[in-house]
Amino acid sequence: MKLVKKKEGADQSPAQVVLNAATMDRRTFLKRSGISAGGIAAASSLPLSMMQKASAAAEPAASGGKTDQLRTICTHCSVGCGIYAEVENGVWTGQEPAFDHPFNRGAHCAKGASVREHGHGERRLKYPTKLVDGKWTKVSWEQAINEIGDQMKAIREQSGPDSVYWLGSAKHNNEQAYLFRKFAALWGTNNVDHQARICHSTTVAGVANTWGYGAMTNSYNDIHNSKAILIIGGNPAEAHPVSLQHVFRATERNNAPLIVIDPRFTRTAAHADLFMRIRPGTDMAAVWGMLWHIFENGWEDKEFIKQRVYGMDEIRAEVAKWTPDEVERVSGVPEETVKRAAQLMAQNRPGTFIWCMGGTQHTIGNNNTRAYCVFQLALGNMGVAGGGTNIFRGHDNVQGATDFGVLSHTLPGYYGLSGGAWKHWAKVWDVDHDWLVGQFDQGSYEEAKGKPAKPMNTKGIPVSRWIDGVLEDKANMAQKDNVRAMVFWGHAPNSQTRGPDMKEAMEKLDLMVIIDPYPTVSAVMHDRTDGVYLLPAATQFETYGSVTASNRSLQWRDKVIDPLFESLPDHTIMYKLAGKLGFGEQLCKNIAVENDEPNIEDITREFNKGMWTIGYTGQSPERLKQHQRNWHTFDYTSLEARGGPADGDYYGMPWPCWGTAEMGHPGTPNLYDTSKPVARGGLNFRARFGVERDGVNLLAEGSYPVGNELRDGHPEFTADMLKQLGWWDDLTDAEKQLADGKNWKTDRSGGIQRVAIKHGCAPFGNAKARSVVWTFPDPVPVHREPLYTTRRDLVEKYPSYEDRKSFYRLPTRYGSIQAKDYTADFPLIMTSGRLVEYEGGGDESRSNPWLAELQQDMFAEINIEDANNYGIKDGEQIWVDGPEGASIKVMAKVTQEGVAPGVVWLPFHFGGHFQGKDLRDKYPKGSDPYVLGEACNTAFTYGYDSVTQMQETKASLCRIRSA
Amino acid sequence: MSNNKQSRIRHHRMVVFSLLSLVVLTLVLPLIPYAIAELGETAGNVANPGTEYWRDVRQRDRIVTGTTQVRGVDTDVLINVTGEEWRQFRMGQLAPYGAIVLGVMVGILVVYYLVRGKIRIEAGRSGERVRRYTSAEMTVHWILAITFVLLALSGLILIYGRWVLIPLLGDAGFSATATASKVIHNYGGLLFAAIVPVAFFLYLKDSLFNLKVDAKWFLRAGGYLGGEEPSAEKVNAGQKAWYWVAMLGGFVLVASGLVLDFPNIFQQGREWLQGAHVIHTIVAIGVIVFFFVHLYLATIGVEGALESITSGHVDANWAKQHHDLWYKELQTGQGGGSASEEPSMSGGSHAGGVASPIAKD
Amino acid sequence: MARMKFLCDVERCIECNACVTACKNENEVPWGVNRRRVVTINDGSPGERSMSVACMHCSDAPCAAVCPVDCFYYTDDGVVLHDKDICIGCGYCFYACPFGAPQFPQDGAFGSRGKMDKCTFCAGGPEEDNSPEEHAKYGSNRLAEGKLPLCAEMCATKALLAGDGDTVADIYRERVTWRGSSGIGWGWGVAYGKAGLREGKAIEGKATGGE
């Protein structure tokens, strides 16, 4: 029973493993093992005790162990809870609450309270494994990297670099996410993406196109200042439980009403003052319905709209159509309730507007998110403490991974894929631009602005559609060949829709590489017999680096333990693979590498040099570590350090943290807040969409942050603008050299930003938010019925889009699917959501016995009325059939009012069963999660957002029957 | 003039009215908020969720089902409302009253013994032995007896050991005793459960009440309280009563005991356990009280009784005295004693003929 | 002397089960034994409320009263503990406990009860504080280290409070005051009516839309 390093677990039943786990690590390394002396009485003379087993198993304690207390951040959701990890002789022996952490004050949810289990890792993938003739076979790292590299090179040779798909992860830390995006770029493809595509991509697109940045505008802590809280399509009581700590502070101390809009009476709704049940997919009706009352009663903030909003009149015209009758007809909510919600929000300002995936995962997800923004703009709730759009992101680093452009449509920092963007990053990376261009496929498969576009400059296939990248006829695709190799680098396939299609795609691939701490469902859901590699990645507790919480704060994590078993940190694996593929040198040109492990701090410093657009430039490793050491100095509400070494900084320097680290910008706690100087975290809406449209001024009018010397709206800063303003000589000579001919985004000296801020100006200009996004399919957000809708009577009035030929390189269907009526066979609405015990695809959390014990069965929540109509009893096994032919077998959970009649709700964390078949024996031995279950997404159907290709998982159809 | 007067009167009236209204208003105005508050209270008559919650938890108005993610017995019940009742029963009633009942019975028997002494075979031993029980009957009796005694003893230890034995054995010592008692009780109970039905059928025929005879026996209290000893069959009415108490009680004990056993297999809820425990202990105390009487009469109470179940034979005079009808039956050979059916099993030296149930020593 | 108490604020508990896993984490409780659990009343209906329960360390503990071997004892802090060396696993404490706190791992043939296990208020057992023996039998002894039970310390919304009864009561009282006497006891209807903000929770709207 040697414990310093974990061994591979023997073949044991779950209960046995847990018992052993319980009797091992801590016992052997007990804190006060030295003073144990006398008291070891033979426990009891009779052999009937649980504790006797324990004593028998107790080894002589290793004495003299030193306890280290390390500071890390929970790896589950985006709240970013601080954790104290106690480590003794390399074993993680204790987890203490971080009462001094400004986000969570020691609090956790079920997941956070059990992260120490990562130190056990009983069900981890233990060593590189390869599928040979249907059997999992252990291989060495070297062999695995060599074989994978050779096959990739061959595919590249035959089909071009776009035939290898790099699927990254929101579980990477910032440094790894950045390196991963760089890795894909150096390989020569834009076929790189991660889970943000399927959780909040519509938010990022919608919000960024409204006012500049696509992120939570305020923070969890800032909810303390809210006078009203509206949550739509979110269940933070389960998805972000610690956020409720902040919500309750507002409801209790400010008497702030809590309004919850959701199809399901959630645990959050249980604490709401007003619950508004909508039909899944009718967010637009609810929001425009509320806005109708606001406009009708003149409750909007006219001054704010005049100064800071573009296009509200067009919104008025659309909202006018949403009379109370129409709102009730479409969404099912009576006038009384809608009016009351509107009134509560209008009378209690500032109010915050929170949404999650209930709003985003729709074919009209981008419309929904923009409507939410417009609602807040109308009430003047933006840019104030207590207001804002508080978008709760999902994974711990989904914000960071998004910011670093682990996305098929942009480079890090939302620079996009234009030639200029590539040149900027080539300079930051210090690689030859021509060489970089040469890495890409030189063909041309689509046109942009009437000219042939190269794959380097066209959006890659999004993760939601990788299946089609494999299965679609390549003649219809805007790239050379189909996707032939998939790299799942921290991804749960069961979080994606269309299970049977995915299985087929997996089986068609030449090569599958799964790099993850757990085998994941990718290892088992197909019937392949070879061509699958599983590489054990280390968790974030086995490495260190920065992570971006939902509120844009960057937090530094200590390394808690060494990588367990044979696992390696993700950035080490990236370096090894890059070396094999021939661009290892370019990948780490200015990054020190030791034992194949790129230096984390060097990576941080490198992205500090390039991420000017969103202000990831001021957060140097040194400043981040200083914040980490001084959690206790940051205020619980404002997040500002009061005294201490980080005095005046906001915790984690929420981006944008302008300029260089030397400039000492404190970070921006609330976006677009004009009550502070830009140098102290103030801001205004970004001038991103030009200065004028159809003769209407797009710049802000008479609104600007405190201390702005221009005292009005202004365009974004360029070197030329500085010269015109006579501020050019504020730059140092060194800055002038780098800044000349550049703008605030591409000036690698940071001088332009520094000077603009010195004069009180936001580097990105000062404009109005636009409530009309003229570049989107629906400039004014409108309601469109889901592709699979129960309300055929509404399809004519609210039809979906027309099918599109090439959208993210793929044909994408809308109207042709909606045209068919499935309601006769599939009369129920199918929707999905989250459970507190699990996260994402759940491979990690279902492998944690402390969590798994609490959710042992995949279930479907159905209303008692439907249950009675279909003859289904609570706890019974049922089949849920989707309209595209998939069927899943789950347990029925009958509810009185949890979901309304006609709605079936499914949690999305389960996996390991496929259409009624238990796949447990297909996992590599000892690495099957404790709990398996049917993935709800197996039955979910086609449907993708019109801007971002977000998958539709919140409104589909199904039928239920007894199994 | 009149005009003037009128206006003066009007003026007076106005003054009076003004004063009056002023007074009234001063008195009433401050009350208005109360009235409004009162109205508001009735209008916004919203139930207090805190109070409602606790009413639900305690199941005062209706049965409210809870849910929980933790699996196990009754995990979905927030408050075990019957637990306190059960505690009152066990600690306030079972333990003290049980002790009283048992103690009183022991006391009665002691007093009886002191007053009445051992009931002798009046005619003295005849030397003639009569076969009373088959070896099967004896075997079953002793299995039953031993398990019963062990169960009774271990059960009583679990109820009273805390007060009686901890001072003697100490915590650890008593814990070992109690653990042994628990094991004996849990598994001994299974043996008991197996043997009770066997005993029931084995002794059933002899234990059916014969109203004519047995009523008389009961009326005279078997002669134990003086007077002539009433007639009795092979099994007298008191013994029959003991049979029925032991058997019916046994069935109840077995049934309730099985409810209490193996909670981890059957996952039975607390209300089952509490209910079963109440029934089990009350019945057990009752059976033990009867058992004391049986034990007394079979051992030191009646001369020549014990040997019937140790050897299977009794003295003829004993039989004549206590079971005259049975003895008569044997004499006439009507009923056919059991010995006659299984001579080879009777053991000992029975020179007597096979047909004769009476053997000479 | 302090009297240790738990209090769960049902207006804040969101059934996130952090207390349950924190307990597992701190005390290495095996699968199947749950010293703490969260019970939800009226699940999925208006009026839904959750509460975290474990041993409440009663002043007149029914478990201690009914224990046939008298294995329970009170610490100076008013924590109800038991001695597993003495416990015989009879289950009587489970019958009597109002909160379903006593847990019994399976042990012996036919899954009969092993020694009782329950919440110790993170105060260990009779063995020497923080000795390996104590940890093996009872889990952590945080009180001896000057810390409070981890379940309450990690509660997501600070619904579960633990500590000296007086302090806990003070915190709760302050909270109730902040709430403007909503939620509990006196004046609830008036407060809600007047503020014009909150009313009885009712579900409105239909999922399948109008008509």
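These legends describe close-up views of a predicted model.

**View 1. A nonpolar surface patch on chain B.** Seven names make up this patch of about 650 Å²: V106(B), V110(B), V111(B), Y113(B), L114(B), V115(B) and I300(B). Helix α4 of chain B, residues 83-116, gives the most to the patch, with 6 residues. An α-helix has 3.6 residues a turn, so residues three or four places apart point the same way.

View 2. I300(B) lies in helix α10 of chain B, which spans residues 270-301. The relative accessible area of I300(B) is 42%, so this residue counts as partly exposed. Patch residues need over 30% relative accessible area.

**View 3. Helix α6 of chain A and its surroundings.** Helix α6 covers residues 201-211 of chain A, and 11 of its 11 residues are buried. Among them are S201(A), V204(A), G206(A), N209(A) and W211(A). The buried residues of α6(A) pack against strands β12 (351-355), β13 (389-391) and β25 (769-770) of chain A. They also pack against helices α14 (357-360), α15 (365-378) and α16 (398-403) of that chain. After α6(A) comes G212(A), with a positive phi near 130 degrees.

**View 4. The elements of chain C.** Chain C holds 7 helices and 6 strands. Starting at the N terminus, their order is β-α-β-β-α-β-β-α-α-α-β-α-α. Of the 211 residues in chain C, 71% are buried. Among its contacts between residues at least 6 apart in sequence, 52% join residues at least 24 apart. Chain C exposes about 6,100 Å², and carbon and sulfur atoms supply 55% of that area.

Conventions. Residues are numbered from 1 along each chain as its sequence is written. Chains are lettered from A and ligands numbered from 1 in the order in which they are written. This is a predicted model: local features need pLDDT of at least 70, side-chain atom pairs count only at pLDDT 80 or more; totals for chains, interfaces and linings use all residues. Side-chain values use heavy atoms; hydrogens and water are left out. Patches are made of residues with over 30% relative accessible area and no salt bridge: like charges are joined within 9 Å, nonpolar side chains (Val, Leu, Ile, Met, Phe, Trp, Tyr) within 5 Å. Accessible areas come from the Shrake-Rupley method with a 1.4 Å probe; for residues, only the protein chains shown count as cover. A salt bridge is a side-chain nitrogen of Lys or Arg within 4 Å of a carboxyl oxygen of Asp or Glu. Helices (H or I, at least four residues) and strands (E, at least two) are DSSP runs, numbered from the N terminus. Buried means under 20% relative accessible area, exposed over 50%, partly exposed in between (1.4 Å probe, protein chains only). Contact means heavy atoms within 4.5 Å.
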